[in-house]
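Please look over the sequence and the structure shown here before reading on. The report that follows goes through the model topic by topic.

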Amino acid sequence: MGEVIVKKGAKLKDLIKSLTKSFNNESFYWVYFFISIMLKCLYFQFTTQISRPPAFSLENVAMYISTASTIIIIASIIILIFNSGRLKALFATNLIITALLVCDTNFFRYYYGIITIPVLLQVDIKLAGSIQESVLSLFEIKDIIYILDIPLLFYWMRRMQKTGIEMTTFPKRVIAFALSAIVGFTGFGSAYAATEKDDPLVYSNNYVARKLGVLYSHVDSIKKYIVENKEENEGLSSQEKDYLIKYFESKTQTGRNYKGVAKGKNLIVVQVEALQQFLIGSKINGVEITPNLNKLIQESLYFDNIYYQVAGGNTSDAELLLNTSLYPAEEGAAYIRFAKNKYYSLPQALGELGYNTYALHAFTSKFWNRTEMYKTLGFDKFIDDSYYVMDEFA
């Protein structure tokens, strides 16, 4: 019996010694970095159901290869640039990718899409603070998988820094970079070639993530953002302007002409957050849900065949549609991305007829960039939360 205990104790000591050695081996640190990022990416792919079973279908295999290759390419850049600080760079990269995946996961749970540069640019401290509770409610206990590796990576990095990180000459780093980059780009190229090139009409960030992984979807999003900004800065050509002018001049009017039906009257627009049309005229136990709106309809023009057109700007997109008759931006909020544009708007049209125009919203004026956008739209005055006494809260 004593002999068995000695053997078990020896095995345990050997295991501890082996683990200790691995903490002093930089190669294991790189492997652990690769595996942890790979697992986080796959967790995102499957928990959001962007990727679906069977796990090893041809489509998913291409996504696996692409994701692994993208991580290898990132690691190759770290190999080339950093020497004594390469473990710090790996750890920092892990934190950045983790934060990005956490943002992607929670953004997807609300918007069913992957976060993009226009969305990131429109998030300021005030906006983030205003929606803090909503964001926190999206987290799930299983999301802890995103941070489980971080304490071990940090401890491992600190331990190796104390023992000393081996300096590598630049030529050796170039060779290691070249070999890693070749493996990474070859793997990604094969995955890209294996994916089906579907109709561009269904092309989206979710589509790219499903085919080639969430990490590459961000690379693709950055490329699209650069191209779109280049095209926006170039503006419309004279031919495009002539085409649009001729199109609208030749367009015949359809439906009823409402021009002048409310001449000389005041116009009051009440925009209600998340009010669905099915509530209008409905009752619960014989009691009207919207009695005042029902009364207003009896003495108003009522349009019940309208479909909401909102994108990343949500409420602000609804305001844009009402005031300019324009569709929202494909990504991000037009109120933030295009606040300096020139619009032909309802407030401007009313101003030309001698009306005074006011916008009222009892919330912080910077939310959705309303202070700047209401000026652009032509409102004479914006009455924000600073004009109200906040003594009643629903």
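## Elements and the second largest pocket

Helices and strands are DSSP runs, of at least four residues for helices (H or I) and at least two for strands (E), and they are numbered from the N terminus. The model described here is a predicted one, and its elements are named in that way throughout.

Which elements each supply at least two residues of the lining of the second largest pocket? They are the helices α14 (315-324), α16 (346-352) and α17 (370-377), together with the strand β3 (358-360). Among these contributors, α14 gives the most to the lining, with 4 residues. The lining of this pocket consists of 29 residues, and those that lie nearest its centre are Val 269, Tyr 358, Ala 359, Leu 360 and Phe 379. The volume of the second largest pocket is about 820 Å³.

## Salt bridges

Side chains of opposite charge can pair when their charged atoms come close. A search of the whole structure for salt bridges finds 9. One of them joins the side chains of Glu 59 and Arg 210, with an N to O distance of 3.7 Å. This pair links distant parts of the chain, since Glu 59 lies in helix α3 (residues 58-81) and Arg 210 in helix α10 (residues 205-212), 151 residues apart. Glu 59 counts as partly exposed, at 30% relative accessibility, and Arg 210 is likewise partly exposed, with a relative accessible area of 27%.

Glu 59 also meets the side chain of Lys 211 in a salt bridge, here at 3.2 Å from N to O. Because Lys 211 lies in helix α10 and Glu 59 in helix α3, the pair ties together parts that are 152 residues apart in sequence. Lys 211 has a relative accessible area of 7%, and it is therefore buried, the cut-off for that word being under 20%.

A further salt bridge is found between the side chains of Asp 143 and Arg 109, at 2.7 Å from N to O.

## Cysteines

A disulfide is a covalent bond between the sulfur atoms of two cysteines. How many disulfides does a search of the whole structure find? The search finds 0. Among the cysteines, Cys 41 is buried, with a relative accessible area of 1%, whereas Cys 103 counts as partly exposed, at 39% relative accessibility.

## Surface features

On the surface, a nonpolar patch is formed by Ile 268, Val 270, Val 272, Leu 275, Leu 293 and Leu 296, which together have about 570 Å² of accessible area.

The C-alpha atom of Lys 172 is separated by 9.7 Å from that of Ile 79, although the two residues are 93 residues apart along the chain.

## Backbone details

Most residues other than glycine have a negative phi, and most peptide bonds are trans. Against that background, the peptide bond from Pro 53 to Pro 54 is cis, with omega near 0 degrees, and Pro 54 has its place in the loop between α2 (26-47) and α3.

Where are Trp 368 and Asn 369 placed? Trp 368 is in the loop between β3 and α17, and Asn 369 is also in the loop between β3 and α17. Trp 368 has a positive phi of about 60 degrees although it is not a glycine, and the phi of Asn 369 is likewise positive, near 60 degrees. Trp 368 counts as buried, at 7% relative accessibility, while Asn 369 counts as partly exposed, at 22%.

How values were computed: Residues numbered from 1 in each chain as written. Predicted model: local features only at pLDDT ≥ 70, side-chain atom pairs only at ≥ 80, totals over all residues. Heavy atoms only, no water. Patch = residues over 30% accessible without salt bridge, like charges linked within 9 Å, V, L, I, M, F, W, Y side chains within 5 Å. Areas by Shrake-Rupley, 256 points an atom, 1.4 Å probe, with all protein chains shown as cover. Salt bridge = Lys/Arg side-chain N within 4 Å of Asp/Glu carboxyl O. Disulfide = S-S within 2.5 Å. Buried < 20%, exposed > 50% of the residue type's maximum accessible area, 1.4 Å probe, protein only. 1 Å grid on protein atoms, 1.4 Å probe; cavity = no way out; pocket = protein on both sides within 12 Å on 5 of 7 lines; lining within 4 Å. Points joined across faces, edges and corners; volume = space filled by probe spheres on them.
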